[in-house]
Structures are given as structure tokens and as C-alpha cells.
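Subject: Structure handover

Hello,

Here is the structure for your files. My notes follow below it.

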Amino acid sequence: MKKYIIQSLRLTGVLMVLLCIIYPVTVAFIGKFSPGEGSGEKVTKNGKVVGYALIGQSFTKPEYFWGRPSAVAYNAAGSGGSNKGATNADYLKQVSERIDTLLKYHPYLKKADIPADMVTASGSGLDPDISETAAIMQIKRVAAYRKLSDRVVAELVVKNTEGPLFGLFGPSKVNVLKLNVALDELKK
Amino acid sequence: MNTELLGIIATYALTLLIGIPLGIYLAKMFAGEKVWTDFLKPLEKGIYKLSGINPEESMNWKQHMKALLMINMVWLVYGFFALIYQDKLPLNPDGNLGQSPDLAFNSIISFVVNCNLQHYSGETGATYFTQHFVFMFLQFVSAATGIAAAVVLFKAFRDKTTTNLGNFWVFFTRSITRLLLPLSIVVATILAFNGTTTSYEGKDQFVSLQGDTVNVSRGPAAGFVAIKHLGTNGGGWFGVNGAHPLENPNYLTNMVEVISQVIIPIAMVFAFGYFIRRRKMAWVIFGIMTLGMMLLLVPTVISETGGSPNIAKMGVSQLTGAMEGKEVRFGPTATAYWSTVTTIISTGSINSMHDSAMPLTGMYQLIAMMMNCFYGGCGVGILNYFIFIIIAVFISGLMVGRTPEFLGHKVEAREVKIASIIALLHPFIILVGTALAAYTVTNFPDADWVVKPANWLNNPGFHGFSEMLYETTSAAANNGSGFEGLGDNNIFWNVMTGFVLLLGRFLPIIGPVAIAGLLASKKYIPESAGTLKTDTLTFGVMTFVVIVIIAALAFFPALTLGPLAEHFSMIK
């Protein structure tokens, strides 16, 4: 018995050096060569950092494309989903209010034009993307507030739409932050 | 065909393409045959030498279990104190506090037992020190513990009659040096190049495009995320686990992460068959496990891609399916696939909020954890399945009127008793734990705990019951996912699930290893015309029936009160 205790203690110590120091430091070193150098890929506008490509941020102004509802108000230091069940009455009321808000800002829309991702909270609360449909339905509003033609904005949406992986696997998506930065840069 | 469906088909195909050859490699490697990773021998020799281990020393099954329990106890004690005092230890750039004793009790048990229930949130409840030296460390060694225990069982059936079952430390060390560590480096590299953070910098602050000031949690997550999946641990670096864009940046990483969860459990099945030189048996077991997975996967995909009926009533378009709690970059189909995989495999990492899934999806997730043997966790999956094999051998023996035998060894009262106890233990701890929780909610809603029982549930009605059932099931299955709406960081849940976790881990490891050890020491009876063949499809189906019947009898009432009731109230 005593032998096993001593072996356990020593093995634990040795493996800690291997797994908790050597391994993560190796990974950190490899990460230095990745696009964001291991600290997260940043998005800049006019040379100024305005966020992380992968971290969604809150957009409420009408001249921007909006992202998905977030249960944590896009707090990137405390991710979270709503954890509301599909039959929760309070939750369903909330969804229906979101639909009304969207209709108010997009009077040209019918309910069936609104995709579910625009009225449901994401899992992380930090979803950087919206679906293609969700971007398309906002084009008219954004164009009107920016005094741009629908066509120019629509082109930007197409340019910022990322198709399925290798054109084959998974959904297509639009990164809201990158799209909005592109919009801002268009203006000048 | 739509790209989302194509995505999960490709994912599963790749899983098999990696998992099956990996199993053959593992069989050779654990048998000590020549493999290409033999260049790591000097590293292993060094580890043995520094730890005072003689790799040639052979152990019987009891010595194996003593070594296993001893080292696990060392981790429990060490980790408990490290978590309580983490604020006083180095590597805490975000200035997080120490864990309360009941939270530390729960956290440490849940990581030692390969569950990763996580009643804390990674951003605020742990420091870079504890993330590495407690949590990530345990993600490696708990997975290796499970694999080593399974190899002991393999060893018992390789030779005809034996008590020499190899050396526990060798199986354990090799699981790390020859399997978990190299694969982790590969996976971590892929993640890093797709955007998962690797550097040790603390929180960052920026001003968003709209002018809001935002703090971003970061940290060396890539290495952690790699082993959390490969080791079927599931505990996330960030609070929302695989749904967090820095843990799981895009569809490719999602594929990589969901593949890494399954390859070792599948490999272990083939390792078993090749190790004991009965390949057909591996294919039969694999076939039955795959059948179980598909029977859960297909309805889950249908239920999620169908969208939420209540939201459909509001008139919005659910083009690809239900989106609450899901991320756009994965879409509902890949999310459904992940939710099935993570619950059959006991990983418990999530890429969506299970609490917000459709009621029936929740039920499939629960069933997956209740059966807990379709592929199953690292090493323990095959151990769980073995229990059902023994029961199936016994029942078939009774049906045809022969003495039950398994691989040339008589299965007698003692072995069947152990198998029955282990098979019944799982429903027992789940149902008792859930009942205790439900009783507390209804009778002591105002108990003076950090979270009052009245505030535990995030959703009213049937779904609230499902939240409690899910948490207890997840603990018993050592899964670690949750219906995260549940207010679980308080003394009741921390302590109750702590005990459920311990029972759900060590007895289901000791039981099968004991049975294997006992069988291996018995006289070998050569196969004859009268032998019940255990590597046939008929026997496979028999095992499947045993699994389904035990689960159905034990869990149907509880499922009726939760997800089924919710589903029918929703569609009425």
C-alpha cells in the first residue's frame, strides 16, 4: 500500500511537469505562428482595434447591421445562453416582443421574412455571425439610414457572406462586425 | 443534399476513418508489440525511473485497483486544497477568488472522475494555475485511468488462465505518452490556427464599433480544449464550453472537436477485439453501439431541424431549424449531432445550450446518458458495455439451459451478482438523487442556501423537473453537460452530485475489472458445439435488448414526468 502511495505522488509530480508545463508551453509557442498570434484575431478600423473577429458585439444603432439577441448583452468576460426551455411562457413572450421590434424597424418585412436566429438568443451570447437571410432582411433599413442604394449594401453583404466549409459542409454565415466595419469604411 | 446534413455525414465518416486504425494501433501498443511510436520509450523509461516504478512488475486485478484508487485519492486531496486556495497561488491575472469548500468538493471530484460538471464558470471560477495544474492535468490523467482500467480487462481475456494482468502504471503512462498527449498536440495546433487562443495574457479591453467598452476573457484555451475532447472530459475553458467562439471558432473546428470525442471510445472497441484476437467480436460490439447511436441521432436531428412548434406559431421562418441556444456557424444539424455524441460518449462538452433544445431532444440526451455505453467514455464505455454482456450471457444461458460462459470461462453467481449490482446502481443513484432534489424543491423552497431551492429552476413546470433529472443523470453517467439554467452552485447540488459522481465512477470501474479478473483466474474451457458464441449478431442483439429493457424499466416513469409531458403539452 505504502509503495503505491509513494509511486502515486512521484508519478503525479512528473506528469505535472510534462502535462501542465511542457505541453501548454509548446502549444503557446505553436500558437505564436497563428493569425492572431495566439491572443485572438483582432479587427481594426482605420488602424484602431474595434473588436475581435470571433467575438460578437452589441449593435443597436439603426445604421448598423444587428447581430443576434444575447442573454448576456454581449459580455465577453462572462459568456452565457438564456437556457430557456421551448415551452417557457415568459421566454415565448420575449421572442414575440423581439419580432415586434424587428417589424417596427423594418416595416417592409413580413413575419415570414424574419429568420429564427434574429429572434432567439445564441448559445454563447457572443455569436459573431448571423445567417444570410438575417443579413438580407436588414439591407433596406441600413441603406436607408446610410443614404446608400440597396444595391451597394447588398453587394457588401454578398462579399461578407462566408459559404459552407469547402463549399460542401455546414451553413453559410455573415460576420456582423466585419460587415459593419466594411460599411463604415465604404462611407469615407 | 443540404450542406448541413452533408457536414455530419462527413464528420462521422472521418471519425471511423481515424477511430478504427487507431484501435488496431492501441491493441498492438498495449500488447507491447512493435509500433511506430516506440521512439517515445526513453521518455517513458524516464517517467518510470523518476516515479520509482518497475514496469516489469505484474499485478493481479486487486493490485491494479489499489494502484488506481490510490493515485485518484492523491489527486482528490491535492486538487481540493488547490481550488480553495487558488487566489493565493500564482498565475491569476484576472484576480479570481478561491472556490468555496462545497464548490471545490464538487469541482475536484467531477474532474477526477472524468465528468467535468463545472458548477463554476471558467472565466471567473478558476485561475490559469488551477485551469492547468488541476483541471487540465486531471483531464489527461482521468482519461488515462479509464483507458488503463479497460486494458486490464483486455489483458484478462487475452490468455487462457492467468492472474498476471500487466502493470497498471505502464498502461496508465502509455495512455498518456502514446495516445492522449500526441493527439492533443495535433488537435490543439488545428484549433490555434483557426482562432482559439493560446497565450497566457489575461483579459483584454477594447472599445467596440458602436462605442461600448468591452472586456474579453482569453487565455491558453487551445491545449485545454484538445484534451477535454480527446479524453471525453468535456469541461470548458470558458463558461459556455464549445459554444464559445474562442473555444470553437468555426465549422472546421467543430468537426475536429466532435471527431476527437469519439475516436478513442471507438478505438477502444477495436483495441479490445484485436487485443484478445477476436476481431469479429469487436465488429459486433461496434455494430450494436452504432445502432444505439443512430437510434438516438436520427430523431434528434429531426427534432431540432424541425424547429420549435411554439416559434413556428409566431410566423417567423425557421429555415434550418430551432435556433435558441445555438450558434449560427454550426447550424442546428451539426448541433444536434454534437448533442447526441456528447451524451452517448460521456464527454459532456456542449456547443449549444441543451436546456433550450426541444423537449424530445432533451429526452434523447437523457436516454443516451442513462444507457451510457454506446461507445461511452474513454475506457469506461467498453467497461459499461461489458457489464451488459455478462448479464446477456447469463440470461441467454438460462434461456437455452446451459452454464453461461464467456470466452471460455464459466460465469457464475459471483460475477453475475457484481454485474447486476453495477447495472442497477446507475438507475438507483439517478432516481434517488432526482427524487431528493424534487422533494427539496417542493418542501423546502426557502432553505437558506446560496441559491434558494425556490430559485433553482430556470423554467417552470415539466421542464423544471427535466433540469433536475438531467443534472443528476449527467453526474451519474460522469457526463458533465447540464441543463445549465439550473442554479447548481449551492451546497445541496455540490454535495449531492459529488457523491453521485464518486459512486458513478469507481464502482463501474471496479466491477467489470473484478469480473474480468475473477473469470481470468478460472479454468479455461475449450469451445465446443455447446458453447454459447458471444461474437455473433444474435448475441449482439441480445445485449442490445438487455440494455434497452433495463433502461426502459428504470427510467420510463421519470422521462414521462419530464420531457415527454413537456412535449405533449407543447404540441397539443
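Helix α15(B) is kinked by about 30 degrees at Leu425(B), shortly before the proline Pro427(B). The bend is the angle between axes fitted to the seven residues ending at a residue and the seven starting there; helices are DSSP runs (H or I, at least four residues), numbered from the N terminus.

This is a predicted model, in which local features need pLDDT of at least 70 and side-chain atom pairs pLDDT 80 or more, while totals for chains, interfaces and linings use all residues. Residues are numbered from 1 along each chain as its sequence is written, and chains are lettered from A in the order in which they are written.

Buried residues in α15(B) include Ala423(B), His426(B) and Ile430(B) (buried: 20 or more other C-beta atoms within 10 Å of the residue's own, placed from the backbone). Their cover includes α14, α16, α17 and α18 of chain B.

Ala423(B) is also in contact with Phe388(B), as are Cys373(B), Thr543(B), Val546(B) and Ile547(B), leaving aside neighbours of Phe388(B) within four places in sequence. Contact means C-beta atoms, placed from the backbone, within 7 Å.

Between the chains, 100 residues of chain B are in contact with 88 residues of chain A. Helix α7 (residues 168-193) of chain B gives the most to the chain B side, with nine residues.

Regards

Note on methods:
Helices (H or I, at least four residues) and strands (E, at least two) are DSSP runs, numbered from the N terminus. A residue is buried if 20 or more other C-beta atoms lie within 10 Å of its own, exposed if 12 or fewer, and partly exposed in between; C-beta atoms are placed from the backbone. Two residues are in contact if their C-beta atoms, placed from the backbone, lie within 7 Å.
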